[in-house]
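Please keep the sequence and the model open while reading.

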Amino acid sequence: DRQTLVAVLQFLRRSNLRESEEILRREARLLGDDLGGSVATVASSSPGVAAVAAVPPGKDNLGRDRDLLGVSLPGEGTKDRVSVIFAGSTVKVRVGGGVVVEDQPDVSAVLSAYNQQGDPTLYEEYYSGLKHFIECSLDCHRAELSQLFYPLFVHMYLELVYNQHESEAKSFFERFHGDQECYYQDDLRVLSSLTKKEHMKGNETMLDFRTSKFVLRISRDSYQLLKRHLQEKQNNQIWNIVQEHLYIDIFDGMPRSKQQIDAMVGSLAGEAKREANKAKVFFGLLKEPEFDVPLDDEDEEGENEEGKPKKKKPKKDSVGSKSKKQDPNAPPQNRIPLPELKDSDKLDKVMNMKEAARRVRLGPECLPSICFYTFLNAYQGLTAVDITDDSSMIVGGFADSTVRVWSVTPKKLRSVKTAADLSLIDKESDDVLERIMDEKTASELKILYGHSGPVYGTSFSPDRNYLLSCSEDGTVRLWSLQTFTCLVGYKGHNYPVWDTQFSPYGYYFVSGGHDRVARLWATDHYQPLRIFAGHLADVTCTRFHPNSNYIATGSADRTIRLWDVLNGNCVRIFTGHKGPIHSLAFSPNGRFLATGATDGRVLLWDIGHGLMVGELKGHTDTIYALRFSRDGEILASGSMDNTVRLWDAVKAFEDLETDDFTTATGHINLPENSQDLLLGTYMTKSTPVVHLHFTRRNLLLAAGAYSSQ
């Protein structure tokens, strides 16, 4: 709308933000100097929108200071006339000729919505009236309508505080806070500390609650019942809040049961709208590149007597042929550019296939052995762990800002020789890769210094040449495992970075932090390629989908989002956890996602249908580690309760009802008991589990730091 544009352009010019002004002009194709020095009044294009007078700075004919640009919006009567005045970078809002509220632009606009207040003394009556109505309604509606209690409670409380009815607010809070669901306890604690209007300005959680509409999923029958009740009672206060701050996602069909609702709610902004999980997701795997494996025969024949390789060979072919068919759900091979395979990568793939041939088939009858790496005397505070894909190295990130890399095979870690020594090497010799290494530097531990705060995330590149680490200092660092030095520091987050992970194909990596966004990077770019914004609180963990086209992020807002790397869109929002998410794992076939949080539950999601399909209960503390076995038969979870638990993933996913009805309404029927999926629980003496990893032959490696309680 042209008026607004002109107003904004003038504001930018006044603030000497010439560059932004130019960009906006180009975008809006306002290339001429529409903001000429003389008074240019823009005729109002639509009725009901006030014209904006573009006025040169200085004095107007009444001698008033004209360095402010006035925009006035007509309300119903003069009393409702709201004028917004741009001055410097703050926005002053003048409501009905009353006080000028000065604040940061978004905050004041958001909070001023609380102005339409009812009689403060009646709030308790309104709320208890609604509560009585819901509690007396039929069982089938009661569970659904009870979802209203929490968002209404918060908005009514904030409205009282904002309008400075502090004593009413306090008694309202004390009377009704006990009725809220137990999983909102933490939010209520934050809320109880907001007792004055001033407190609301700086509180981010509060602002989020105000700006994002709280989503409730309710059947049409229950909604009609509510609407009728509120209109009969003339209860405008509550109806206004429902209209203004809640998004009611209405579905046709049977109302949901209490158990179905409890499984899905609990996040900061309610449930996900069903629309949010409708986009198509290519969850299939990319076709493995084909290359000949001549090495196989020679090696096998060298190792074994003549007869054996012939027996093994057909088995290997079948492994190759399985991946030659294109998966119907896979993204196009060139949907996002992926790095070319180097010769060393091909060798590694060959090794991988050989190991895979010797892999143990796991199942309820054949559980994996677990090898636990305990960090002893880790007084520096172990904060992150990763293990290379071939299980040859393990890295620890510590609270004393160091990154320590260990070799867990007899092969020591060695750096490349100095430039002077390298020039003497015969580059044509067969063992040139061996010769460039400096034996004098061999040791089983290397310490990397560079961060200036605790290291919260570490990730090895698939080719084992690089290592990423992210820290409280706001940077992500890329280290070379050839020289054990830092190559790049990526600066984009201004706050602590909680997690980082390399793409399964290398080159790309993702990071997430306290600034509530996840960023996609490429190792050779200083700037992020994509910024994934949408979470309402810290992004606590990040994971690439096995086909590298998608990224999952878990957040302290208690939701998990799936993002499309190609265009940066959010294609899935999963709600159901009752605490911040701390672990994510994709199944090897790319169809499912497992998530773990501080609520001690592991939730299982079907990515294609966008549905929760399982809940694994058993842990009693935060789940920091989740990993599927190499063929996806078993899911391992590790927690702060000092246990590793193994779950039967095949059984959990086998008979899913993903018919159209379930998908359309999001109704899910979780089995009451997940104990029949639990295959084993393994206690440590006093070591919380922070990382899990299945080797290529399906041995489970776990890691954590011993804590002497």
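The points below are grouped by topic and describe a predicted model. A search of the whole structure finds 38 salt bridges.

**Salt bridges of E21**
- E21 pairs with R13 in a salt bridge whose closest N and O atoms are 3.2 Å apart.
- R18 also forms a salt bridge with E21, with 3.5 Å between the closest N and O atoms.
- R18 and E21 are three residues apart in helix 2 (residues 18-28), so about one helical turn separates them.
- R25 meets E21 in a salt bridge at 3.4 Å, N to O.
- R25 and E21 are four residues apart in helix 2, about one turn of the helix.

**Accessibility of these residues**
- E21 is buried because its relative accessible area is 1%, under the 20% limit.
- R25 has 4% relative accessibility and therefore counts as buried.
- R13 is partly exposed at 25% relative accessibility.
- R18, with a relative accessible area of 46%, is partly exposed.

- Residues 448-483 are 53% strand and 0% helix, and their end C-alpha atoms lie 11 Å apart.
- Residues 616-648 are 61% strand and 0% helix, with end C-alpha atoms 10 Å apart.

Definitions and conventions:
Residues numbered from 1 in each chain as written. Predicted model: local features only at pLDDT ≥ 70, side-chain atom pairs only at ≥ 80, totals over all residues. Heavy atoms only, no water. Helix = DSSP H or I, 4+ residues; strand = E, 2+ residues; numbered from the N terminus. Salt bridge = Lys/Arg side-chain N within 4 Å of Asp/Glu carboxyl O. Buried < 20%, exposed > 50% of the residue type's maximum accessible area, 1.4 Å probe, protein only.
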